[in-house]
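The following exercises are to be worked through with the sequence and the 3D structure at hand. Each task is followed by a solution in steps.

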Amino acid sequence: MNIKEVKELLSSPKNIVITTHKNPDGDAIGSSLALHHYLSSLGHNATVITPNEYPNFLKWVPGEDSILKYSHNTKEVKSKIKEADLIFTLDFNHLSRSGDLEEVLAKTETTFIMIDHHQQPDTYAKHMYSDVDMSSTCQMIYHFIEKLDDLEKITADIATCIYVGIMTDTGSFRYRSTTSTTHRVVADLIDKGADNTNIHESIYDTNTLSRLRLKGIALNNLKVLPEYNVAYIHISQDELDQNNFRKGDTEGFVNLGLSIEGVKFAAIFIENKNEGIIKISLRSKGDFSVNEFSRNHFEGGGHHNAAGGKSNLSLSKTVEKFISILPTYKNALNQ
Ligand code: 5GP
Ligand code: MN
C-alpha cells in the first residue's frame, strides 16, 4: 500500500463504504466499525455494510446500530455503493466472500482499498494492505491508523472495536499469530479506553440455555479418528431447529475437537437447509494447512490454521467425503 496516495485520497471529505465478508465475525465487525469511527472523525461520510446478519453477541459493539445489511436494507445499500467515492473491503480478499453483495461490488468502478490478513489475495483493489502474518484485520486497522500518524485519534470506542477483533481472531491472545506487537497494541488499546474485562464478558459470557444444549449435541456427535489425529463434529438442520438455533450459536464448537490431546486437525460440518449447503469450519495445530485442505476439497480457504468452506452434498455424504480424503494426508497428520 502506498500510504501517501491513501493519505491524499483521505485528505478531502468523501462518501466511503466499508464492507466485510458474509457471516461477519468479531474481526469483521470490529475492524469495520473501528474504521468507520476513525473516518467519520476525519470528516468523511462513512457507512458500514455487511452482506447479511451477524451474531447477537456482537450487537453491542460501538456503532453497531448504524450497520446496513444488504440482506435487509437492499435498496439503501445499492445506493450507498453507487454514491461511494471509495470502498474499503475488510477481513476478506476475494469478492466471492461477500455473498449476494458480490455482484453489486463487482459492478462498481470505484476505488477499492483492501485491508486483510487471509492467504492468497485477489487483485480487485487499487490499494492493498495484505499481511497473512497479522493476528487480525483489527490489528491492521491499528497499524493503518499508525501509518497515517493518527494514533492519538484512537478514541475509547475505536479502541474497543479493535480490541474485539484482535481478541476473537486470536482465541483471546493464544494462537500463533499473537506476537509481542499484538500485545503492545492491545496494551495501548487498554490505555486508550478499551474495557478489557467487559469486552470478554460481552462476547463470551452470552450463552443461552439452547446454545449450551446445542453444545451438548455437538459433543455427543464428536468423533475422533486416532489414526489421523483428526476430530470432527456434525450438526444437522433438525438438531439446530430443535434447539432454537440463532446465528453465532455454533461459534467456537470446532475448537472442542481441537482441544483433545493429540488432535491436530478438527472439523465441524453444519447443515444449512436454507442455503442448501453444508458449512464447514476447519482448524489445525502446527504445520498442517487447513487453508490448502479447504481450497483443494471444499471450495474455501482462510488461514493456515483456521479456514472454512462448503459442500453441496448431503451432511452424511460430506462427512463420508471428508473421511475418504484423509488417507492422502496420513503422513502429514502423523508428523
Ligand atoms: P470460520 O470457520 O470461523 O467460519 O472461518 C475461519 C476462517 O476462514 C476465517 O478467517 C474466515 O474468514 C475464513 N473462511 C470461512 N469460510 C470461508 C469460505 O467459504 N471461503 C474462504 N475463502 N474463507 C472462509
Ligand atoms: Mn480476521
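**Exercise 1.** Does Thr 89 count as buried or exposed, and why?

*Solution.* The model is a predicted one, in which local features need pLDDT of at least 70, side-chain atom pairs count only at pLDDT 80 or more, and totals for chains, interfaces and linings use all residues. Residues are numbered from 1 along each chain as its sequence is written, chains are lettered from A and ligands numbered from 1 in the order in which they are written, and side-chain values use heavy atoms, with hydrogens and water left out.

Step 1. Apply the cut-offs: buried means under 20% relative accessible area, exposed over 50%, and partly exposed in between, with a 1.4 Å probe and protein chains only. Thr 89 counts as buried because its relative accessibility is 0%.

Step 2. Identify the neighbours, where contact means heavy atoms within 4.5 Å. Leaving aside residues up to four places away in sequence, Thr 89 touches Thr 19, Phe 112, Ile 113, Met 114, Ile 115 and Tyr 124.

**Exercise 2.** Describe the strand that holds Thr 89 and its pairing.

*Solution.* Step 1. Locate the element: Thr 89 belongs to strand S4 (residues 86-90). Helices (H or I, at least four residues) and strands (E, at least two) are DSSP runs, numbered from the N terminus.

Step 1. Examine both faces. Leu 86, Phe 88 and Leu 90 on one side of S4 are buried, as are Ile 87 and Thr 89 on the other. Since 5 of the 5 residues of S4 are buried, the strand is largely enclosed by the rest of the structure.

Step 2. Find the partners; two strands pair if DSSP finds at least two bridges between them. Strand S1 (residues 15-20) runs parallel to S4 and is joined to it by 5 bridges, and 5 bridges also link S4 to strand S5 (residues 111-116), again in parallel. Ile 87 is the bridge partner of Val 17 in S1, and Phe 112 in S5 is the bridge partner of Ile 87.

**Exercise 3.** Which residues are the protein donors of the manganese ion (ligand 2)?

*Solution.* Step 1. Donors are N, O and S atoms within 2.8 Å of the metal (3.2 Å for Na, K and Ca); water is not among the atoms, so sites may look incomplete. The donors are Asp 27 (OD), Asp 91 (OD), His 117 (NE2) and Asp 169 (OD), at 2.1 to 2.3 Å from the ion.

Step 1. Asp 27 and Asp 91 are both buried.

**Exercise 4.** How many cavities of 30 Å³ or more does a search of the whole structure find?

*Solution.* Step 1. On a 1 Å grid over the protein atoms alone, a cavity is a set of points where a 1.4 Å probe fits but cannot get out, and lining residues have an atom within 4 Å of a point. Grid points are joined across faces, edges and corners, and a volume is the space filled by probe spheres set on the points. The search finds 1 cavity, and about 50 Å³ of space lies in the largest cavity.

Step 1. Its lining consists of Asn 15, Ile 16, Val 17, Asn 45, Thr 47, Lys 80, Glu 83 and Ala 84. S1 gives the most to this lining, with 3 residues.

Note on methods: 1 Å grid on protein atoms, 1.4 Å probe; cavity = no way out; pocket = protein on both sides within 12 Å on 5 of 7 lines; lining within 4 Å.
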